[in-house]
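Have the sequence and the model open side by side.

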Amino acid sequence: MAVKETGVSYYGISYPEHARRDFQEMIDHNCNAVILALTEFDIDFWFPNIIEITKVAKEMGLKVYLDTWGIGKWFGGEPTSLFLTNNPGNRQVSALTGEALPNACFNTPAFRDYFYRICEKLAEEVPADGFFWDEPHYALPKGIASITGGVADDWACRCPICQKKFEQQYGYQMPRLLTPEVVQFRENEALEILRVASEKIKAIRPDSKITCCVHATQNTYYVTERRGYDNWDKVAKTEAFDVFSTTIINYNLPHSFFENITKRTVDIAKKHGKENQRWIMGYFNEPENLDRVKEICHLYDDMGVESIFAWTYRGGHGTVLAAPHALELWDKIGEAYGEVLAPECKLKK
């Protein structure tokens, strides 16, 4: 067995005594790790209990990773952003229309300072094992918001800060078209903020494991080169990252897609000396036959995946994004984890 880590994301609970019961349920479902998905509000309001919840999870044997969930709407996730509420002038801008988008521009000094302060605060005070960069991405303007159609000419960000930085680096005005130079600029800037944040974290907590999770693209699934993290080689070779991860795949996609994404993920991680991670959809969408979950986990195991995570705890039960049979799906994930997790990595139930 190749799988050394199995886990699930967890959010919305802010009391350690309640979290303890949930963590035991995770262990009973053969998890040995948990990702705490932290919103800006959580970090601002519930910070003392974030520390305590992390301590409880670690006391019970779980590895704990902190997910800066939806921060600035630059990371994936449903939560609203306090930064965008308080800083409406620091948004990404559509290249073709000039429209301000509901996503923070991470090139603005205000957002970088805000994000770095959050990372340093978490690293200094929360005894977690690492951080999880959750689907970081540039905004997709409305014309290309759908992967099933639409005009694929627009992109972000072309705000005054991005334009100025581009001109300083390339010596001419930033084009409105997505030229090779613009693609390169966007990739480099997208990685720079995560590289710096990761290094700041490790300067405070050297043993922190940094996972960067990018969209599981096959060029035709999402519009290529629009999100800024489509160059997997460039992401995986970033020295500050320890784990290369690719995100959830919808069960409706063909088995060959799962195989292709998994092979590429494992190969690229290995090429750059990184650990690898794949994900299971544990919310909203579920397979017609829940045993498909086991089939996918065994595929991951057979192909050399080291870490498997599911989004989210209890199949999203009680939320608008719950799977149709959320608790049954959660149980099936637990069974699958029990079959693929290496025996020496299992926690005592």
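Start in the loop between strand 9 and helix 10, which is where Phe284 is found. Keep in mind that this is a predicted model. Phe284 has a phi near 55 degrees, a positive value in a residue other than glycine.

- Look for Glu135 in the loop between strand 6 and helix 6.
- That loop, running from strand 6 (130-134) to helix 6 (160-170), is also where you'll find Cys157.
- Cys157 is joined to Ala156 by a cis peptide bond, with omega at about 15 degrees.
- Another cis peptide bond links Trp311 and Thr312, and here omega is about 20 degrees.
- Thr312 sits in the loop between strand 10 and helix 11.

**The barrel**

- Eight strands close up into a barrel with parallel pairing, and the order goes 1-2-3-6-7-8-9-10.
- Going from one strand to the next, the twist averages 25 degrees.
- Strand 1 (residues 5-10) pairs with strand 2 in the parallel sense, over four bridges.
- If you want a spot to check that pairing, Val8 has Val34 in strand 2 as its bridge partner.
- Strand 9 (residues 275-281) and strand 10 (residues 307-311) are also a parallel pair, this time over five bridges.
- Within this pair, Ile280 stands opposite Ala310 of strand 10.
- Helix 9 (residues 255-271) lies across strand 8 (243-246) and strand 9, and runs at about 155 degrees to strand 9.

**Strand 2, inside and out**

- In a regular strand, side chains alternate between the two faces of the sheet.
- Strand 2 is covered on both faces: Ala33, Ile35 and Ala37 are buried on one side, and Val34, Leu36 and Leu38 are buried on the other.
- With six of its six residues buried, strand 2 (residues 33-38) is therefore largely enclosed by the rest of the structure.

- Tyr251 belongs to the loop between strand 8 and helix 9.
- Is Tyr251 buried or exposed? At 7% relative accessibility, Tyr251 counts as buried, because the cut-off for buried is under 20%.
- Tyr251 and Glu286 are 35 residues apart along the chain, yet their C-alpha atoms are separated by 6.6 Å.
- Leaving out residues up to four places away in sequence, the residues touched by Tyr251 include Phe258, Ile280, Met281, Asn285, Glu286, Pro287, Val293 and Leu329.

**Helix 10 against helix 11**

- Helix 10 (residues 291-302) packs on helix 11 (residues 326-340) at an angle of about 30 degrees, with the axes 9 Å apart.
- Angles under 35 degrees count as roughly parallel, so helix 10 and helix 11 are roughly parallel to each other.
- The crossing of helix 10 past helix 11 is right-handed.
- On the helix 10 side, the contact is made by Asp291, Val293, Lys294, Cys297, His298 and Asp301.
- Helix 11 brings Leu329, Lys332, Ile333, Glu335, Ala336, Tyr337, Glu339 and Val340 to the contact.
- By type, the residues of this contact split into seven nonpolar, one polar and six charged.

Key: Residues numbered from 1 in each chain as written. Predicted model: local features only at pLDDT ≥ 70, side-chain atom pairs only at ≥ 80, totals over all residues. Heavy atoms only, no water. Axes fitted to C-alpha atoms, helices over the stretch in contact; angles between N-to-C directions. Helix = DSSP H or I, 4+ residues; strand = E, 2+ residues; numbered from the N terminus. Parallel < 35°, antiparallel > 145°, perpendicular 65-115°, else oblique. Left-handed = near helix turned anticlockwise from the far one by under 90°. Contact = heavy atoms within 4.5 Å. Nonpolar A, V, L, I, M, F, W, Y, C, P; charged D, E, K, R; others polar. Pairing = 2+ DSSP bridges. Buried < 20%, exposed > 50% of the residue type's maximum accessible area, 1.4 Å probe, protein only.
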